[in-house]
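Subject: Structure for your review

Dear colleague,

Please find below the structure that I am handing over to you. My findings follow it.

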Amino acid sequence: MKKPQVVLGVSGGIAAYKACELLRRFTESGHDVRVVPTESALHFVGEATWSALSGHPVSTRVWDSVEEVPHVRIGQHADLVVVAPATADIMAKAAHGLADDLLTNTLLTARCPVVFAPAMHTEMWEHPATRENVATLRGRGAIVIEPAVGRLTGVDTGKGRLPDPADIFEACRRVLARGAAAPDLAGRHVVISAGGTREPLDPVRYLGNRSSGKQGYALARVAVARGARVTLVAANTALPDPAGADVVRVGTAVQLREAVLKAAAEADAVVMAAAVADFRPARYMTGKIKKKDGEEPPPLELVRNPDVLAELSHDRPSAGQIVVGFAAETDDVLANGHAKLARKGCDLLVVNEVGDHKAFGSEENEAVVLGADGTETAVPYGPKEDLAEVVFDLVVDRFS
Ligand code: CTP
């Protein structure tokens, strides 16, 4: 079988050294990789390294091996182009269709999915020029993953770090697995909630639930691979940040509501995979609740939390926004699911049966996705990513 053909574009940022690991991951897992650095990238990692690791000659210019017409052929033959790190400069050039070196030519001739993994200082990432270029690229169907937050070159920290090469690799694998299918969420903003809220009783105790957040994280990874800008609102999860998503951490249902509504104000789709506590303690005790000899335990008074999914469904910032809920049920799964879909007012409800060994914390899931239009889509037991793919297929159907 022909090896998948990957073009690894490397532009001139300090994170270029991390692209060596990305390259290794591709080659060791059976991909044929052509590295196309920019001239500036070679200030950070030399030609010999790229050539030795990829097993191919490396050039930055269109004037080498002209007889092979490299400026056209490399892009035409690629199954995937990934630019990592992608500087503000290379994205500006790509957004404007400039073609002054081999990488920019390749970006113009490639017809396969193109992934940009940006890395730059926060100020450059946030500059209106970069914002517009990123929006242009996404609008045209490129996958621009969100940079990670953390230590940048020097002493500063902020948004702009290249995500971990292992995570970029996994995201690229997912893109490749979709074959020639267009990244159908490119240009879309998707908000996903994940995990389970915790409602504090006192400084050491809380009311919580058993949600691990794995389904929400799988949704985030799949949405990134399909080209979406992803905001993941994560409640009390202990999972590594999914590469390419913006992660907002929350604790309680009230905090989750605030974060989700804020992000949803300009989102195309919201997927509420989080397990949100319906009730919270009526009072928060600032000191630890103590037991007293001979006394009954104090009664636990609860108050209702806001229903975020119902609120999202009823007060949509735009008519075209798609809202997806999840329903965890232990009995009468489908009947309860239909009733919940009608009650919440969302477009889709993913209904799964939960119990001692089902769904919570596992890598697999099985569900039926109910549509407000009466559709029922059964998703057989399998990886949580598979369920996520079906959810986004149904979301994309509803966009159109
Ligand atoms: N949800 C929410 N806000 C709440 C409770 C739930 O947004 N206060 C959302 C969840 O994120 C999920 C959906 O509603 O997408 C259904 O959650 P579930 O716990 O199954 O439903 P409940 O409304 O809590 O109904 P019940 O507990 O009565 O089954």
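This is a predicted model: local features need pLDDT of at least 70, side-chain atom pairs count only at pLDDT 80 or more; totals for chains, interfaces and linings use all residues.

Residues are numbered from 1 along each chain as its sequence is written, and side-chain values use heavy atoms, with hydrogens and water left out.

The ligand has 16 residues around it, and Met272, Ala274, Leu309, Lys340 and Lys344 come nearest; a residue belongs to this shell if one of its heavy atoms lies within 4 Å of the ligand. By type, the shell holds ten nonpolar residues, one polar and five charged. Here Ala, Val, Leu, Ile, Met, Phe, Trp, Tyr, Cys and Pro count as nonpolar, Asp, Glu, Lys and Arg as charged, and the others, Gly among them, as polar.

At least two shell residues each come from α12 (308–314), β16 (322–329) and α13 (333–344). Strand β16 gives the largest share, four residues. Helices (H or I, at least four residues) and strands (E, at least two) are DSSP runs, numbered from the N terminus.

Oxygen atoms of the ligand lie 2.7 Å from a polar backbone atom of Met272, 2.8 Å from a side-chain N or O atom of Asp278 and 2.7 Å from a side-chain N or O atom of Lys340. Taken alone, the ligand exposes 570 Å², of which the protein buries 78% (Shrake-Rupley method, 1.4 Å probe).

The whole structure contains 26 salt bridges, each a side-chain nitrogen of Lys or Arg within 4 Å of a carboxyl oxygen of Asp or Glu. One of them joins Glu28 to Arg24, with the closest N and O atoms 2.9 Å apart. Both residues lie in helix α1 (residues 16–28), four residues apart, about one turn of the helix.

Two backbone features remain. Most residues other than glycine have a negative phi, and most peptide bonds are trans. The peptide bond from Ala84 to Pro85 is cis, with omega near -5°, and Pro85 lies in strand β3 (residues 80–86). Asn236, although not a glycine, has a positive phi of about 55°; Asn236 is in the loop between β11 (229–235) and β12 (245–250).

Yours sincerely

Definitions and conventions. A polar contact is a pair of N or O atoms within 3.5 Å; within protein, one must be able to donate a hydrogen and the other to accept it, and residues adjacent in sequence count only if both atoms are side-chain atoms.
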